[in-house]
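Reader: I would like to learn how to read the packing of side chains in a model, one feature at a time. Could you take me through it, giving the general idea before each case?

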Amino acid sequence: MALSELSRQSLHPSFLYSAASSFTAASSPTSQAPVAAPTPAFGHGTGGGRPFSIQSPNEKIKMYSPAFYAACSVGGIASCGLTHMAVTPLDLVKCNMQKYKSISSGFGVLLKEQGARGFFRGWGPTLLGYSAQGACKFGFYEFFKKTYSDMVGPENASKYKTLIYLAGSASAELIADVALCPMEAVKVRVQTQPGFARGLTDGLPKFIKAQGAAGLYKGIVPLWGRQIPYTMMKFASFETIVEQIYKHAVPVPKSECSKPFQLGVSFAGGYIAGVLCAVVSHPADNLVSFLNNAKGATIGDAVKRIGVTGLFTRGLPLRIVMIGTLTGAQWGIYDAFKVMVGLPTTGGVAPVPAASEEAKVIA
(Lines give C-alpha, C1' and ligand atoms only; values in the text may rest on other atoms or scores of the structure.)
Protein backbone atom coordinates (compact mmCIF):
# COMPACT_ATOMS: atom_id res chain seq x y z
CA MET A 1 0.00 0.00 0.00
CA ALA A 2 1.30 3.44 -0.88
CA LEU A 3 2.46 5.75 1.90
CA SER A 4 -0.14 8.35 0.93
CA GLU A 5 -2.90 5.77 1.37
CA LEU A 6 -1.53 4.75 4.76
CA SER A 7 -1.46 8.38 5.79
CA ARG A 8 -5.02 8.88 4.60
CA GLN A 9 -6.30 5.88 6.55
CA SER A 10 -4.53 7.04 9.70
CA LEU A 11 -6.85 10.06 9.78
CA HIS A 12 -9.92 7.89 10.28
CA PRO A 13 -10.89 7.18 13.92
CA SER A 14 -10.61 3.41 14.28
CA PHE A 15 -13.07 3.20 17.18
CA LEU A 16 -15.92 3.91 14.74
CA TYR A 17 -15.34 0.57 13.02
CA SER A 18 -15.87 -2.94 14.36
CA ALA A 19 -13.65 -5.93 13.76
CA ALA A 20 -16.01 -7.19 11.08
CA SER A 21 -15.30 -6.32 7.50
CA SER A 22 -18.95 -5.72 6.58
CA PHE A 23 -22.23 -4.86 8.23
CA THR A 24 -25.89 -5.52 7.55
CA ALA A 25 -28.71 -3.12 8.12
CA ALA A 26 -30.98 -3.38 11.15
CA SER A 27 -34.36 -4.94 10.61
CA SER A 28 -37.27 -2.60 10.01
CA PRO A 29 -40.93 -3.57 9.58
CA THR A 30 -41.49 -0.81 7.04
CA SER A 31 -38.68 -1.48 4.60
CA GLN A 32 -37.67 -4.86 3.19
CA ALA A 33 -35.75 -3.89 0.08
CA PRO A 34 -31.97 -3.71 -0.23
CA VAL A 35 -30.40 -0.33 -0.69
CA ALA A 36 -26.99 0.52 -2.01
CA ALA A 37 -26.03 3.63 -0.13
CA PRO A 38 -28.66 4.88 2.33
CA THR A 39 -29.24 8.45 3.33
CA PRO A 40 -30.88 9.73 6.51
CA ALA A 41 -34.22 9.66 4.63
CA PHE A 42 -37.00 8.66 6.97
CA GLY A 43 -38.04 5.04 7.17
CA HIS A 44 -35.57 3.94 4.51
CA GLY A 45 -32.03 2.68 4.34
CA THR A 46 -32.46 0.40 7.36
CA GLY A 47 -34.52 -2.45 6.04
CA GLY A 48 -34.78 -6.16 5.97
CA GLY A 49 -31.42 -7.39 7.21
CA ARG A 50 -30.01 -7.00 3.69
CA PRO A 51 -26.47 -5.70 3.25
CA PHE A 52 -25.81 -2.23 1.97
CA SER A 53 -22.61 -0.53 0.94
CA ILE A 54 -21.21 2.65 2.46
CA GLN A 55 -17.65 3.00 1.31
CA SER A 56 -14.96 3.71 3.91
CA PRO A 57 -11.21 3.27 3.84
CA ASN A 58 -11.27 0.09 5.93
CA GLU A 59 -14.70 -1.12 6.91
CA LYS A 60 -18.31 -0.02 6.82
CA ILE A 61 -20.36 1.83 9.41
CA LYS A 62 -23.89 0.52 9.76
CA MET A 63 -26.46 3.29 9.49
CA TYR A 64 -28.18 4.05 12.82
CA SER A 65 -25.82 1.76 14.73
CA PRO A 66 -23.90 2.92 17.84
CA ALA A 67 -20.89 3.50 15.58
CA PHE A 68 -23.01 5.72 13.32
CA TYR A 69 -24.18 7.90 16.21
CA ALA A 70 -20.62 7.98 17.58
CA ALA A 71 -19.39 9.24 14.20
CA CYS A 72 -22.07 11.94 14.15
CA SER A 73 -21.09 12.99 17.69
CA VAL A 74 -17.41 13.22 16.80
CA GLY A 75 -18.31 15.25 13.73
CA GLY A 76 -20.38 17.52 15.97
CA ILE A 77 -17.43 18.07 18.31
CA ALA A 78 -15.23 19.19 15.43
CA SER A 79 -18.06 21.18 13.88
CA CYS A 80 -19.13 23.22 16.91
CA GLY A 81 -16.04 23.35 19.12
CA LEU A 82 -13.57 24.54 16.50
CA THR A 83 -15.88 27.02 14.78
CA HIS A 84 -17.07 28.71 17.98
CA MET A 85 -13.49 29.02 19.19
CA ALA A 86 -12.48 30.55 15.84
CA VAL A 87 -15.09 33.33 16.12
CA THR A 88 -14.25 34.19 19.73
CA PRO A 89 -13.27 37.79 18.78
CA LEU A 90 -16.68 38.41 17.20
CA ASP A 91 -18.44 36.81 20.15
CA LEU A 92 -16.39 38.90 22.58
CA VAL A 93 -17.37 42.18 20.93
CA LYS A 94 -21.00 41.07 20.65
CA CYS A 95 -21.21 40.22 24.37
CA ASN A 96 -19.85 43.68 25.23
CA MET A 97 -21.89 45.77 22.80
CA GLN A 98 -23.44 47.76 25.68
CA LYS A 99 -19.95 49.17 26.34
CA TYR A 100 -19.25 50.27 22.77
CA LYS A 101 -20.76 52.87 20.45
CA SER A 102 -20.50 50.62 17.39
CA ILE A 103 -19.08 47.33 16.19
CA SER A 104 -15.98 48.92 14.67
CA SER A 105 -15.30 51.00 17.77
CA GLY A 106 -15.69 47.85 19.84
CA PHE A 107 -12.79 46.14 18.08
CA GLY A 108 -10.70 49.29 18.38
CA VAL A 109 -11.35 49.76 22.09
CA LEU A 110 -10.73 46.08 22.78
CA LEU A 111 -7.41 46.17 20.90
CA LYS A 112 -6.33 49.33 22.74
CA GLU A 113 -7.28 48.08 26.20
CA GLN A 114 -6.22 44.43 26.02
CA GLY A 115 -4.02 44.00 22.97
CA ALA A 116 -4.32 41.33 20.30
CA ARG A 117 -4.39 38.54 22.89
CA GLY A 118 -7.54 40.03 24.35
CA PHE A 119 -9.54 39.04 21.27
CA PHE A 120 -9.39 35.39 22.33
CA ARG A 121 -10.25 35.84 25.99
CA GLY A 122 -12.53 32.99 27.00
CA TRP A 123 -11.49 30.59 24.25
CA GLY A 124 -11.05 27.71 26.74
CA PRO A 125 -14.63 27.48 28.03
CA THR A 126 -15.83 28.23 24.50
CA LEU A 127 -13.96 25.26 23.04
CA LEU A 128 -14.91 22.85 25.82
CA GLY A 129 -18.53 23.95 26.13
CA TYR A 130 -19.38 24.00 22.44
CA SER A 131 -17.54 20.72 21.81
CA ALA A 132 -19.79 19.04 24.40
CA GLN A 133 -22.80 20.79 22.93
CA GLY A 134 -21.89 19.76 19.38
CA ALA A 135 -21.50 16.11 20.33
CA CYS A 136 -24.99 16.05 21.85
CA LYS A 137 -26.59 18.31 19.24
CA PHE A 138 -25.60 16.32 16.15
CA GLY A 139 -25.53 12.85 17.69
CA PHE A 140 -28.94 13.14 19.34
CA TYR A 141 -30.43 14.90 16.30
CA GLU A 142 -29.67 11.88 14.14
CA PHE A 143 -31.01 9.61 16.90
CA PHE A 144 -34.26 11.50 17.46
CA LYS A 145 -34.82 12.05 13.73
CA LYS A 146 -34.65 8.29 13.17
CA THR A 147 -36.67 7.49 16.32
CA TYR A 148 -39.52 9.88 15.53
CA SER A 149 -39.58 8.71 11.92
CA ASP A 150 -39.96 5.11 13.03
CA MET A 151 -42.71 6.11 15.47
CA VAL A 152 -44.93 7.68 12.81
CA GLY A 153 -44.06 5.36 9.93
CA PRO A 154 -42.48 6.10 6.54
CA GLU A 155 -45.53 7.68 4.90
CA ASN A 156 -46.18 10.19 7.70
CA ALA A 157 -42.46 10.81 8.15
CA SER A 158 -42.24 11.81 4.51
CA LYS A 159 -45.43 13.87 4.60
CA TYR A 160 -44.49 15.71 7.79
CA LYS A 161 -40.72 15.64 7.42
CA THR A 162 -40.30 19.27 8.49
CA LEU A 163 -42.05 18.52 11.78
CA ILE A 164 -39.69 15.57 12.26
CA TYR A 165 -36.70 17.87 11.69
CA LEU A 166 -38.09 20.39 14.19
CA ALA A 167 -38.94 17.83 16.87
CA GLY A 168 -35.64 15.99 16.50
CA SER A 169 -33.52 19.12 16.69
CA ALA A 170 -35.48 20.54 19.65
CA SER A 171 -35.08 17.31 21.60
CA ALA A 172 -31.36 17.18 20.83
CA GLU A 173 -30.76 20.80 21.83
CA LEU A 174 -32.60 20.36 25.12
CA ILE A 175 -29.92 17.84 26.09
CA ALA A 176 -27.05 19.69 24.43
CA ASP A 177 -27.66 22.87 26.44
CA VAL A 178 -27.32 20.99 29.71
CA ALA A 179 -23.78 20.15 28.58
CA LEU A 180 -23.11 23.70 27.36
CA CYS A 181 -24.58 25.83 30.16
CA PRO A 182 -21.75 25.68 32.76
CA MET A 183 -19.06 26.62 30.24
CA GLU A 184 -21.28 29.30 28.70
CA ALA A 185 -21.71 30.91 32.13
CA VAL A 186 -17.95 30.98 32.74
CA LYS A 187 -17.24 32.19 29.19
CA VAL A 188 -19.61 35.15 29.46
CA ARG A 189 -18.24 36.15 32.87
CA VAL A 190 -14.63 35.99 31.62
CA GLN A 191 -15.46 37.95 28.48
CA THR A 192 -17.63 40.67 30.01
CA GLN A 193 -15.80 41.33 33.29
CA PRO A 194 -12.13 42.14 32.64
CA GLY A 195 -10.04 41.11 35.60
CA PHE A 196 -12.46 38.41 36.74
CA ALA A 197 -10.28 35.61 35.39
CA ARG A 198 -7.81 34.82 32.63
CA GLY A 199 -9.75 31.84 31.34
CA LEU A 200 -11.29 28.50 32.24
CA THR A 201 -8.80 27.18 34.78
CA ASP A 202 -9.12 30.11 37.17
CA GLY A 203 -12.55 31.31 36.01
CA LEU A 204 -14.49 28.14 36.85
CA PRO A 205 -13.32 27.94 40.50
CA LYS A 206 -13.96 31.67 40.97
CA PHE A 207 -17.44 31.38 39.51
CA ILE A 208 -18.36 28.43 41.74
CA LYS A 209 -16.95 30.18 44.81
CA ALA A 210 -18.98 33.31 44.08
CA GLN A 211 -22.30 31.75 43.06
CA GLY A 212 -22.08 28.07 43.93
CA ALA A 213 -22.31 25.14 41.54
CA ALA A 214 -26.01 25.85 41.00
CA GLY A 215 -25.06 29.28 39.65
CA LEU A 216 -23.57 27.58 36.60
CA TYR A 217 -27.13 26.77 35.53
CA LYS A 218 -28.72 30.12 36.34
CA GLY A 219 -28.92 30.89 32.65
CA ILE A 220 -30.29 27.50 31.51
CA VAL A 221 -33.83 28.74 30.76
CA PRO A 222 -32.69 31.74 28.66
CA LEU A 223 -30.12 29.44 27.05
CA TRP A 224 -32.89 27.04 26.05
CA GLY A 225 -34.85 30.05 24.84
CA ARG A 226 -31.93 31.05 22.63
CA GLN A 227 -30.58 27.70 21.49
CA ILE A 228 -33.70 25.59 20.95
CA PRO A 229 -35.33 27.98 18.42
CA TYR A 230 -31.88 28.52 16.89
CA THR A 231 -31.26 24.79 16.47
CA MET A 232 -34.77 24.08 15.20
CA MET A 233 -34.26 26.73 12.55
CA LYS A 234 -30.70 25.55 11.89
CA PHE A 235 -31.56 21.93 11.17
CA ALA A 236 -35.02 22.24 9.62
CA SER A 237 -34.08 25.12 7.31
CA PHE A 238 -30.79 23.46 6.35
CA GLU A 239 -32.49 20.18 5.41
CA THR A 240 -35.13 22.07 3.42
CA ILE A 241 -32.69 24.44 1.70
CA VAL A 242 -30.33 21.63 0.67
CA GLU A 243 -33.23 19.58 -0.66
CA GLN A 244 -34.44 22.55 -2.72
CA ILE A 245 -30.93 23.26 -4.05
CA TYR A 246 -30.61 19.72 -5.39
CA LYS A 247 -34.19 19.78 -6.67
CA HIS A 248 -34.19 23.13 -8.48
CA ALA A 249 -30.61 24.42 -8.88
CA VAL A 250 -28.58 21.29 -9.66
CA PRO A 251 -29.22 19.63 -13.05
CA VAL A 252 -28.21 16.15 -11.91
CA PRO A 253 -29.21 13.99 -8.93
CA LYS A 254 -27.21 14.31 -5.73
CA SER A 255 -25.80 10.81 -6.26
CA GLU A 256 -24.07 12.02 -9.44
CA CYS A 257 -22.50 15.07 -7.78
CA SER A 258 -18.91 14.92 -6.57
CA LYS A 259 -18.21 14.95 -2.85
CA PRO A 260 -16.53 18.40 -2.99
CA PHE A 261 -19.61 19.77 -4.75
CA GLN A 262 -21.89 18.23 -2.11
CA LEU A 263 -19.79 19.81 0.64
CA GLY A 264 -20.11 23.16 -1.12
CA VAL A 265 -23.88 22.75 -1.08
CA SER A 266 -23.69 21.92 2.63
CA PHE A 267 -21.79 25.14 3.33
CA ALA A 268 -24.17 27.27 1.23
CA GLY A 269 -27.25 25.73 2.82
CA GLY A 270 -25.71 26.15 6.26
CA TYR A 271 -24.89 29.82 5.69
CA ILE A 272 -28.43 30.66 4.60
CA ALA A 273 -29.83 28.71 7.54
CA GLY A 274 -27.44 30.56 9.87
CA VAL A 275 -28.79 33.96 8.87
CA LEU A 276 -32.30 32.80 9.75
CA CYS A 277 -31.01 31.33 13.03
CA ALA A 278 -29.40 34.60 14.06
CA VAL A 279 -32.61 36.58 13.67
CA VAL A 280 -34.74 34.03 15.53
CA SER A 281 -32.44 33.55 18.52
CA HIS A 282 -30.99 37.05 18.95
CA PRO A 283 -33.29 38.39 21.71
CA ALA A 284 -32.57 35.38 23.93
CA ASP A 285 -28.85 35.71 23.20
CA ASN A 286 -28.90 39.25 24.60
CA LEU A 287 -30.75 37.98 27.67
CA VAL A 288 -28.17 35.24 28.31
CA SER A 289 -25.30 37.72 28.08
CA PHE A 290 -27.02 40.16 30.45
CA LEU A 291 -28.03 37.56 33.07
CA ASN A 292 -24.60 35.95 33.23
CA ASN A 293 -22.94 39.34 33.53
CA ALA A 294 -25.23 40.93 36.16
CA LYS A 295 -25.35 39.12 39.50
CA GLY A 296 -28.90 38.63 40.76
CA ALA A 297 -30.48 40.16 37.66
CA THR A 298 -33.79 38.92 36.29
CA ILE A 299 -35.27 38.79 32.80
CA GLY A 300 -37.40 41.81 33.74
CA ASP A 301 -34.24 43.74 34.68
CA ALA A 302 -32.73 42.87 31.31
CA VAL A 303 -35.78 44.11 29.41
CA LYS A 304 -35.79 47.39 31.36
CA ARG A 305 -32.07 47.94 30.87
CA ILE A 306 -31.76 46.94 27.22
CA GLY A 307 -35.30 47.69 26.04
CA VAL A 308 -37.55 45.54 23.88
CA THR A 309 -36.18 47.04 20.66
CA GLY A 310 -32.62 46.60 21.93
CA LEU A 311 -33.21 42.90 22.57
CA PHE A 312 -33.97 42.41 18.87
CA THR A 313 -31.48 44.83 17.34
CA ARG A 314 -28.45 45.37 19.58
CA GLY A 315 -25.50 43.60 17.97
CA LEU A 316 -27.72 41.92 15.34
CA PRO A 317 -25.66 42.78 12.20
CA LEU A 318 -22.53 41.36 13.81
CA ARG A 319 -24.39 38.26 14.95
CA ILE A 320 -25.80 37.68 11.45
CA VAL A 321 -22.29 37.71 10.00
CA MET A 322 -20.98 35.55 12.84
CA ILE A 323 -23.79 32.99 12.90
CA GLY A 324 -24.11 32.79 9.12
CA THR A 325 -20.42 32.03 8.71
CA LEU A 326 -20.41 29.81 11.78
CA THR A 327 -23.37 27.71 10.69
CA GLY A 328 -22.10 27.35 7.13
CA ALA A 329 -18.71 26.22 8.41
CA GLN A 330 -20.32 23.85 10.91
CA TRP A 331 -22.33 22.02 8.29
CA GLY A 332 -19.29 21.94 5.99
CA ILE A 333 -17.07 20.44 8.70
CA TYR A 334 -19.74 18.03 9.90
CA ASP A 335 -20.45 16.66 6.44
CA ALA A 336 -16.74 16.59 5.59
CA PHE A 337 -16.16 14.37 8.61
CA LYS A 338 -19.04 12.11 7.59
CA VAL A 339 -17.55 11.77 4.11
CA MET A 340 -14.15 11.04 5.63
CA VAL A 341 -15.49 8.07 7.60
CA GLY A 342 -17.56 6.80 4.68
CA LEU A 343 -21.02 8.22 5.45
CA PRO A 344 -23.25 10.22 3.07
CA THR A 345 -23.63 13.98 3.40
CA THR A 346 -26.71 15.33 5.17
CA GLY A 347 -29.93 16.14 3.34
CA GLY A 348 -30.70 16.56 -0.32
CA VAL A 349 -32.86 13.50 -0.88
CA ALA A 350 -36.54 13.64 0.06
CA PRO A 351 -37.96 10.60 1.89
CA VAL A 352 -39.77 8.09 -0.32
CA PRO A 353 -43.43 8.12 0.82
CA ALA A 354 -45.05 5.27 -1.08
CA ALA A 355 -44.65 1.62 -0.15
CA SER A 356 -44.37 0.78 -3.84
CA GLU A 357 -41.19 2.83 -4.00
CA GLU A 358 -39.40 1.03 -1.16
CA ALA A 359 -37.23 -0.96 -3.55
CA LYS A 360 -35.83 2.22 -5.03
CA VAL A 361 -32.07 2.57 -4.66
CA ILE A 362 -31.16 5.81 -2.92
CA ALA A 363 -27.69 7.21 -3.49
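Reader: Is Trp331 buried or exposed?

Author: The general idea is a scale of relative accessible area, found with a 1.4 Å probe on protein chains only, where buried means under 20%, exposed means over 50%, and partly exposed is in between. Trp331 has a relative accessible area of 0%, so Trp331 is buried. This is a predicted model, in which local features need pLDDT of at least 70 and side-chain atom pairs count only at pLDDT 80 or more, while totals for chains, interfaces and linings use all residues. Residues are numbered from 1 along each chain as its sequence is written, and side-chain values use heavy atoms, with hydrogens and water left out.

Reader: How are the rings of Phe238 and Trp331 arranged?

Author: Rings of Phe, Tyr and Trp (for Trp, the six-membered ring) pair if their centres lie within 6.5 Å, and the pair is stacked when the planes are under 30 degrees apart, edge-to-face when they are over 60, and tilted for the rest. The centres of the Phe238 and Trp331 rings are 3.7 Å apart and their planes are at 0°, so this pair is stacked. Phe238 belongs to helix H9 (residues 220–249) and Trp331 to helix H13, 93 residues apart, and the pair thus links distant parts of the chain; helices here are DSSP runs of H or I with at least four residues, numbered from the N terminus.

Reader: How many aromatic pairs does the structure hold, and how do the rings of Phe138 and Trp331 meet?

Author: There are 15 aromatic pairs in the structure. Between Phe138 and Trp331 the ring centres are 5.4 Å apart and the planes are at 80°, so the pair is edge-to-face. Here too distant parts of the chain are linked, with Phe138 in helix H5 (residues 123–152) and Trp331 in helix H13 (residues 316–340), 193 residues apart. Phe138 counts as buried, at 0% relative accessibility.

Reader: Which residues do ring pairs link into a cluster, and what sits over the ring of Tyr64?

Author: The cluster linked by ring pairs consists of Tyr64, Phe68, Tyr69, Phe140, Phe143, Phe144 and Tyr148. A charge sits over a ring if NZ of Lys or CZ of Arg is within 6 Å of the ring centre and within 35 degrees of the ring normal. The charged end of Lys146 sits over the Tyr64 ring, 5.1 Å from its centre. Tyr64 itself lies in the loop between helix H1 (3–10) and helix H2 (66–86), and has a positive phi of about 65° although it is not a glycine. With a relative accessible area of 14%, Tyr64 is buried.

Reader: What is Thr88 in contact with, leaving aside its neighbours within four places in sequence?

Author: Contact means heavy atoms within 4.5 Å. With those neighbours set aside, Thr88 is in contact with Phe119, Phe120, Arg121, Trp123, Thr126 and Gln191. Thr88 is found in helix H3 and counts as buried, at 1% relative accessibility. A polar atom of the Thr88 side chain lies 2.7 Å from the backbone oxygen of Met85.

Reader: Where is Leu90 found, and what does Leu90 touch beyond four places in sequence?

Author: Leu90 is found in helix H3 (residues 88–95). At 23% relative accessibility, Leu90 counts as partly exposed. Not counting residues up to four places away in sequence, Leu90 touches Phe107, Leu318 and Met322.

How values were computed:
Helices (H or I, at least four residues) and strands (E, at least two) are DSSP runs, numbered from the N terminus. A polar contact is a pair of N or O atoms within 3.5 Å; within protein, one must be able to donate a hydrogen and the other to accept it, and residues adjacent in sequence count only if both atoms are side-chain atoms.
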